[in-house]
Amino acid sequence: MLTDADLSALLITLKLATLTTLILLLIGTPLAWWLARSQWRGKPVIEAVVALPLVLPTTVLGFYLLILLGANGPLGEHSLAFTFSGLVIGSVFYSLPFVVQPLQGAFAAVNRDYLEAAATLRASPRDTFFSVVVPLARPGFLTAMVLGFAHTVGEFGVVLMIGGNIPGQTQVLSIAIYEHVENLEYAQAHWISGGLLLLSFSLLLAVYGLNRRFKVVGP
Amino acid sequence: MSLEIRQQLARGGFQLQVEACLPARGVTAIFGPSGCGKTTLLRAIAGLEPQVRGRVSLGDETWQDEDHFLPPHRRPLGYVFQHAALFPHLSVRGNLDFAYRRRGREPGPGFDEVVELAGIGHLLARATPNLSGGERQRVALARALLTAPRLLLLDEPLAALDRRAKAELMPCLERLHERLSIPVLYVSHAIDEVARLADQLLLLAAGRVEACGPLAEMLTRLDLAPAGSEEALAVIEATVSGIDADYHLTRLAFAGGGEGRELWLPGDSLPLGRRVRLAVHARDVSLALQPPRQSSILNVIPVQVDALSSSGPAQVMVRLRADEVPLLARVTRKSQAALGLHVGQALFAQVKSVSLVE
């Protein structure tokens with residue numbers, strides 16, 4: 001079954017994924033709202049940057065982060081490489097498109113009429129966002145949260161590059177599997193892999209199931 | 001109090017250049033063909049078109065001028081959108097509460113009063129996507145009223161509705177008109193709606209104001225669009241002055257009443273003294289030099305010819321006056337020649353049909 005090291009890798013993975021998802025909701029929501037509404041001509045550049053982690057080998061992202069966060073980078077002796085904080089920063093970049101894109105899509109689908117109606121009913125733009133946009137974009141939020149979480153759980157390359165593999169600090173499940181396989185401990189590798197497969201599948205099933213139920217009828 | 005509007009916008013090939021000062025009471029219809037800028041003007045007054053430059057003020061409160069632009073949520077107005085725009089994630093009650101909670105301590109119509117006025121008490125628990133078109137507009141109207149608006153803006157609330165739904169909403173708008181003294185700006189391209197609901201008319205064509213004034217005058221001015229239309233009509237404000245119980249007829253007095261200032265209408269259900277509005281279509285009025293002695297037409301009014309204008313190759317539109325009340329008659333050019341119609345001439349207008357619009 002699972003060793004102590006595996007259990008602590010599980011805890012670190014869950015902590016990392018939860019923290020990353022929360023940070024991404026805080027950053028991703030305003031960014032997605034801006035991307036959904038802005039008419040600015042430079043917008044495609046930002047959109048392309050947000051989508052980069054979708055196509056870039058994760059080792060490339062990890063490599064640049066290592067240079068940026070490492071001891072020889074601008075942070076110097078406050079280096080975040082091989083720390084949990086460094087892992088969180090890496091994960092935020094890595095999972096950004098998985099949170100921003102569903103939100104952007106959900107925000108863009110909110111009919112302008114509702115925003116204008118809210119304004120004529122004395123709701124400030126901020127009030128309108130929380131009382132009209134957020135409830136109408138609920139399926140988008142659910143998708144963003146689950147994809148952000150699940151994708152962070154499945155992270156490998158970035159962690160390998162900037163997290164190292166320090167048990168109890170930066171060792172996450174995906175790396176633990178890799179290590180078990182290297183050591184020919186296939187039984188443990190099976191347990192963790194099977195568990196992750198089941199977790200990811202259940203999360204996605206929950207999202208697609210719920211989003212069907214929440215389906216908001218248009219005007 | 002008055003609503004002062006000076007608005008300019010150039011967008012694509014479209015130019016809006018509106019300058020008007022409207023009395024802030026009763027119903028003012030903004031009337032014109034589609035694409036003339038009616039809705040844009042209404043949206044600009046609400047602050048929903050920030051690119052529009054100029055000035056908007058209601059009474060001594062300025063909403064927009066050269067240096068200030070009050071955002072829509074700070075303007076004390078109610079807006080009913082053409083497609084209602086009810087929030088789909090809230091029930092009918094939730095939609096009403098949304099407005100009611102945000103109005104603060106502003107005095108205005110109460111929740112129950114508005115629900116009753118709109119006749120939507122039985123709908124409160126319903127989800128908004130399941131409402132019919134007419135129900136939706138009544139909820140939207142109630143929602144707008146619950147913000148305690150000082151000005152109510154209606155953007156063709158009847159346009160998307162079928163006949164039955166229109167018949168539901170009209171009385172609701174009329175009750176509103178009677179019970180609450182909120183000035184209304186009403187965008188419409190249907191002359192019958194305007195004749196029924198409006199007190200003043202602002203005529204818009206290609207982004208400019210053609211004319212603006214009291215309904216009865218605007219409908220009968222021969223240089224303006226309404227009198228040129230197939231449906232041309234005049235409206236008469238009258239009072240129920242008598243009932244003929246034997247023949248089931250109602251006598252309606254207008255312009256002070258007296259000889260020739262009365263009209264008879266089938267039916268006997270209206271109470272004495274009730275003020276009503278009548279519509280008389282130009283096609284239902286014929287002219288005679290002598291009062292007809294043997295005729296089935298009951299309503300004959302002595303009038304004077306006020307103006308004439310040709311209406312197609314075969315017909316002429318004649319504007320008439322019974323004291324101060326203007327009327328329209330559409331007659332053939334042949335009849336014009338036979339009667340020698342000219343301005344100032346005294347005649348008798350025979351009114352084939354009168355309808356009650358309010």
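In chain B, the centres of domain 1 and domain 2, taken over C-alpha atoms, are separated by 33 Å. The bounds of these domains come from an automatic or database domain assignment, which gives domain 1 as residues 2-228 and domain 2 as residues 233-356 of chain B. The structure is a predicted model, in which local features need pLDDT of at least 70 and side-chain atom pairs count only at pLDDT 80 or more, while totals for chains, interfaces and linings use all residues. Residues are numbered from 1 along each chain as its sequence is written, and chains are lettered from A and ligands numbered from 1 in the order in which they are written.

Eight residues of domain 1 of chain B are in contact with 10 residues of domain 2 of chain B; two residues are in contact if their C-beta atoms, placed from the backbone, lie within 7 Å. On the side of domain 1 of chain B that touches domain 2 of chain B, helix α7 (residues 215-220) of chain B gives the most, with five residues. That side of domain 1 of chain B divides into six nonpolar residues, one polar and one charged. Here Ala, Val, Leu, Ile, Met, Phe, Trp, Tyr, Cys and Pro count as nonpolar, Asp, Glu, Lys and Arg as charged, and the others, Gly among them, as polar.

The view may now widen to the whole chain. Chain B comes to nine helices and 20 strands; helices (H or I, at least four residues) and strands (E, at least two) are DSSP runs, numbered from the N terminus. The radius of gyration of chain B is 22 Å, close to the 21 Å that the globule rule gives for 358 residues, so chain B is as compact as a globular protein of that length. This radius is taken over C-alpha atoms, and the globule rule is 2.2 Å times the number of residues to the power 0.38. Along its principal axes, the C-alpha trace of chain B spans about 65 × 50 × 35 Å.

Buried residues make up 40% of the 358 residues in chain B; a residue is buried if 20 or more other C-beta atoms lie within 10 Å of its own, exposed if 12 or fewer, and partly exposed in between, with C-beta atoms placed from the backbone. Helix α1 (residues 38-46) of chain B is mostly covered, for eight of its nine residues are buried. Among them are B:L41, B:L42 and B:I45. Just after α1(B), B:G47 takes a positive phi of about 85°.

The strands deserve attention next. Strands of a sheet pair through backbone hydrogen bonds, either parallel or antiparallel. In chain B, five strands form an open sheet in the order β13-β12-β11-β14-β20, with antiparallel pairing. Strands β13 (262-266) and β20 (355-356) of chain B stand at the edges, each with a single partner strand, so one side of each is left without a neighbour in the sheet. Two strands pair if DSSP finds at least two bridges between them; five bridges join β12 (residues 249-254) of chain B to β13(B). The bridge partner of B:A253 in β13(B) is B:E262.

Strand β19 (residues 346-351) of chain B is joined to β15 (residues 285-288) of chain B by four bridges, and these strands run antiparallel. Strand β16 (residues 299-311) of chain B also pairs with β19(B) in the antiparallel sense, over six bridges. In β19(B), B:F348 is the bridge partner of B:A288 and the bridge partner of B:P302.

Finally, 20 residues of chain B are in contact with 16 residues of chain A. To the side of chain B that touches chain A, β6 (77-80) and α2 (92-102) of chain B each supply at least two residues.
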